[in-house]
Amino acid sequence: MMPFLIVALVVLAMEAWSWFSHKYLLHGPLWFLHKSHHQKAPTWWEWNDLVVVFYGLISTALVIYGLSFQSPTLWIGVGIGVYGILYFLLHDVVIHRRVRTRYQPGHPYILRLIRAHRAHHRHIEKDESEAFGFLYAIRKYRVSPDKVRVWHKDEAQD
């Protein structure tokens, strides 16, 4: 039970860290990397992807250390990795469709995340953005259940 608890707490902590680092680092001194994510990319690669690589390396190092020394850092690394997988699936596959699938988002929670992310991308400058979270979007971005089908057809397509 303890490993699961550690992983779950790390995933929650990563959401808090993601919000903070997105707002104050990526839209601050690291804007030179993140700016590529707010512009049309000429290729599949964005400079912003280096941020994901950075966290992937940290996660991998913690897992290796944890396996080598029977340390709880194993589960911290797994938690960061789980967050990274969720990020990839929701952000890159579902929201930005960087990987093409037949999946059509229709769940109100997923549509809420999409709406919040689109609000974030409405502005291409670093200082005017909103909605910096990733796994949680405030109620303001909620899509009411009775409008999910209409919203899905009209707005969810890229």
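This is a predicted model: local features need pLDDT of at least 70, side-chain atom pairs count only at pLDDT 80 or more; totals for chains, interfaces and linings use all residues.
User: Within what arc do the buried residues of α3 fall, seen down the helix axis?
Analyst: The buried residues of α3 are Asp49, Val51, Ser59 and Gly66. An α-helix has 3.6 residues a turn, so residues three or four places apart point the same way. Seen down the axis of α3, the buried residues line one face of the helix, because they fall within an arc of 150 degrees.

User: Which exposed residues does α3 carry on the face turned away from its buried side?
Analyst: The buried side of α3 has a cover that includes α1 (2-26), α2 (31-34) and α4 (73-95). The face turned away from that buried side carries exposed residues. These are Leu57, Ile64 and Phe69.

User: With which residues is valine 51 in contact, leaving aside its neighbours within four places in sequence?
Analyst: Valine 51 lies in helix α3 and is one of the buried residues there. Its C-alpha atom and that of histidine 38, 13 residues apart along the chain, are separated by 14 Å. Leaving aside neighbours within four places in sequence, valine 51 is in contact with Leu26 and Leu33.

User: Is serine 71 buried or exposed?
Analyst: Serine 71 lies in the loop between α3 and α4. Leaving aside neighbours within four places in sequence, serine 71 is in contact with Tyr65 and Gly66. Its relative accessibility is 16%, so serine 71 counts as buried.

User: How many of the 14 residues of α5 are buried?
Analyst: At 1.5 Å a residue, the 14 residues of α5 should span 20 Å, and the end C-alpha atoms are 20 Å apart, which agrees. The buried residues of α5 include Ile110, Leu111, Arg112, His117 and His121. The helix is mostly covered, and the number of its residues that are buried is 10.

User: Which helix gives the most to the lining of the largest pocket?
Analyst: About 1200 Å³ of space lies in the largest pocket. Its lining has 46 residues, of which His37, His91, Asp92, His96 and Arg98 lie nearest the centre. At least two residues of the lining come from each of α1, α3, α4 and α5. With 10 residues, the helix that gives the most is α4.

User: How many charged residues are in the lining of the largest pocket?
Analyst: By class, this lining has 19 nonpolar and 18 polar residues. The number of charged residues in the lining of the largest pocket is 9.

User: Which element supplies the largest share of the lining of the second largest pocket?
Analyst: About 210 Å³ of space lies in the second largest pocket. Of its 14 lining residues, the closest to the centre are Ala131, Phe132, Gly133, Tyr136 and Ala137. The elements that give two or more residues to this lining are α1 and α5. The largest share, 3 residues, comes from α5.

User: How many nonpolar residues are in the lining of the second largest pocket?
Analyst: By class, the lining of the second largest pocket has 2 polar and 1 charged residues. The number of nonpolar residues in this lining is 11.

User: What phi does alanine 131 have?
Analyst: Alanine 131 lies in the loop between α5 and α6 (148-155). Alanine 131 is not a glycine, yet its phi is positive, at about 55 degrees.

Terms used
Residues are numbered from 1 along each chain as its sequence is written. Side-chain values use heavy atoms; hydrogens and water are left out. Buried means under 20% relative accessible area, exposed over 50%, partly exposed in between (1.4 Å probe, protein chains only). Helices (H or I, at least four residues) and strands (E, at least two) are DSSP runs, numbered from the N terminus. The arc is that of the directions from the helix axis to the C-beta atoms. Contact means heavy atoms within 4.5 Å. On a 1 Å grid over the protein atoms alone, a cavity is a set of points where a 1.4 Å probe fits but cannot get out, and a pocket is an open set with protein on both sides within 12 Å along at least five of seven lines; lining residues have an atom within 4 Å of a point. Grid points are joined across faces, edges and corners, and a volume is the space filled by probe spheres set on the points. Ala, Val, Leu, Ile, Met, Phe, Trp, Tyr, Cys and Pro count as nonpolar, Asp, Glu, Lys and Arg as charged, and the others, Gly among them, as polar. The expected span of a helix is 1.5 Å times one less than its number of residues.
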